[in-house]
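Here is a short tour for anyone opening this model for the first time. Keep the 3D view at hand and follow along from the overall layout down to single residues.

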Amino acid sequence: MAGKAFGMRLILFALFAMGALALAAVLLAWLAERRLDQTAEAYSFGDVAKVPAVEVALVLGTAPVGPEGGPNVYFVHRLDAAAALWKAGKVKYFIVSGSTDEPAAMRAGLIERGVPAAAIYGDPAGYRTWDSVLRARDVYGQKRLVIVSQRFHLSRALFLARHAGIEAWGFEARDVDTPYSVFTELRRFPSALRAYLDVWTGAPAHDRSAPVKIGVDPPS
């Protein structure tokens with residue numbers, strides 16, 4: 001009986017320890033996300049008139065098709081914001097960064113919104129925000145950028161960019177009225193922790209490419 005009691009106490013202790021670790025991880029992720037949002041406050045703008053004029057904007061990718069099969073509203077709003085930068089004369093060129101079919105879809109969407117094809121450079125190796133930021137610096141040679149995405153994403157992107165030595169500002173695309181899922185809302189918290197990990201470890205971008213001179217080399 002004593003052995004069974006000891007075993008039960010050991011199991012309860014293990015469950016308690018696992019619960020405490022999970023709670024600590026959740027709290028740490030929440031604090032990380034809050035800290036990123038506060039840090040981005042000085043560099044992120046919802047009004048295009050307040051955005052500094054720079055040569056290049058980095059538009060962060062997301063799937064063009066939403067989970068219900070229609071246009072992804074996050075995607076649509078990011079392109080609307082990018083086109084607004086162009087129309088306001090705030091940028092001359094775009095890097096549209098994502099994976100698989102995202103850059104081609106962003107390029108087509110910007111052209112539909114009146115941006116010349118010659119002003120749009122596609123980066124097909126933006127697998128993560130960290131990759132997009134590092135490649136904007138190392139492949140496309142950018143030290144000053146306006147980054148376009150929704151605010152919750154911009155907070156992380158601006159943190160990464162500034163730690164990568166890029167003078168960056170954010171232009172906030174309109175958020176969605178109703179998130180697609182709870183997962184869509186909650187993923188920002190572990191992503192915030194990963195942003196700190198990327199900066200701390202100095203993780204390289206997944207793909208290395210030959211340098212591209214924006215405004216000199218033809219867009220891909």
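In what order do the elements of the protein run from the N terminus on? They go α-β-β-α-β-α-β-α-β-α-β-α-α. Keep in mind throughout that this is a predicted model.

## The overall picture

Count up the elements and you get seven helices and six strands. The protein has 220 residues, and buried ones make up 44% of them.

How does the chain come together over distance in sequence? Take the contacts between residues at least 6 apart in sequence: 77% of them join residues at least 24 apart.

## The sheet

The six strands form an open sheet, and its order is β1-β6-β5-β2-β3-β4. The pairing is parallel. At the edges you'll find β1 (44-45) and β4, each with a single partner strand, so one side of each has no neighbour in the sheet. As a bit of background, strands of a sheet pair through backbone hydrogen bonds, either parallel or antiparallel.

Now for some of the pairings. β2 and β5 are parallel and share three bridges; A57 has V146 in β5 as its bridge partner. Seven bridges link β5 with strand β6 (residues 167-173), again in the parallel sense, and here R144 is partnered by E167 in β6. β5 itself is mostly covered, with six of its seven residues buried. To get from strand to strand, look for helix α5 (residues 151-163): together with β5 and β6, α5 makes a right-handed β-α-β unit.

Strand β3 (residues 93-97) runs parallel to β4, and four bridges join the two. V96 sits opposite G122 in β4, while S97 faces D123 in β4. Helix α3 (residues 102-112) carries the chain across from β3 to β4, and this β-α-β crossover is right-handed.

Which residues of β4 point one way, and which the other? I120 and G122 point one way from β4 (residues 120-123), Y121 and D123 point the other way, and all are buried.

Helix α4 (residues 129-138) lies across β2, β3, β4 and β5 (144-150), and runs at about 160° to β2. Eight of the ten residues of α4 are buried, so the rest of the structure largely encloses this helix. Those buried residues are T129, W130, D131, S132, V133, L134, R135 and A136.

## Where α2 meets α3

How do helix α2 (residues 73-87) and α3 cross? Their axes come within 10 Å, and the crossing angle is roughly 50°. The two helices are therefore oblique to each other. The crossing of α2 past α3 is right-handed. On the α2 side, F75, L79, A82 and A83 make the contact; on the α3 side, E102, A105, M106, G109 and L110 do.

Start with A63, in the loop between β2 and α2. Is A63 buried or partly exposed? Its relative accessibility is 32%, so A63 counts as partly exposed. Setting aside neighbours within four places in sequence, A63 is in contact with N72, F75 and E102. Two of these names have come up already: F75 of α2 and E102 of α3 both take part in the contact between those helices. Look at D101 too: A63 and D101 are 38 residues apart along the chain, yet their C-alpha atoms are separated by 7.9 Å.

Next, find H77 in helix α2. H77 has a relative accessible area of 11%, so this residue is buried. Which residues does H77 touch, not counting those up to four places away in sequence? They are Q150, A173, R174 and D175.

Notes:
Residues numbered from 1 in each chain as written. Predicted model: local features only at pLDDT ≥ 70, side-chain atom pairs only at ≥ 80, totals over all residues. Heavy atoms only, no water. Buried < 20%, exposed > 50% of the residue type's maximum accessible area, 1.4 Å probe, protein only. Pairing = 2+ DSSP bridges. Right-handed = clockwise from strand over helix to strand, strands pointing away. Contact = heavy atoms within 4.5 Å. Axes fitted to C-alpha atoms, helices over the stretch in contact; angles between N-to-C directions. Parallel < 35°, antiparallel > 145°, perpendicular 65-115°, else oblique. Left-handed = near helix turned anticlockwise from the far one by under 90°.
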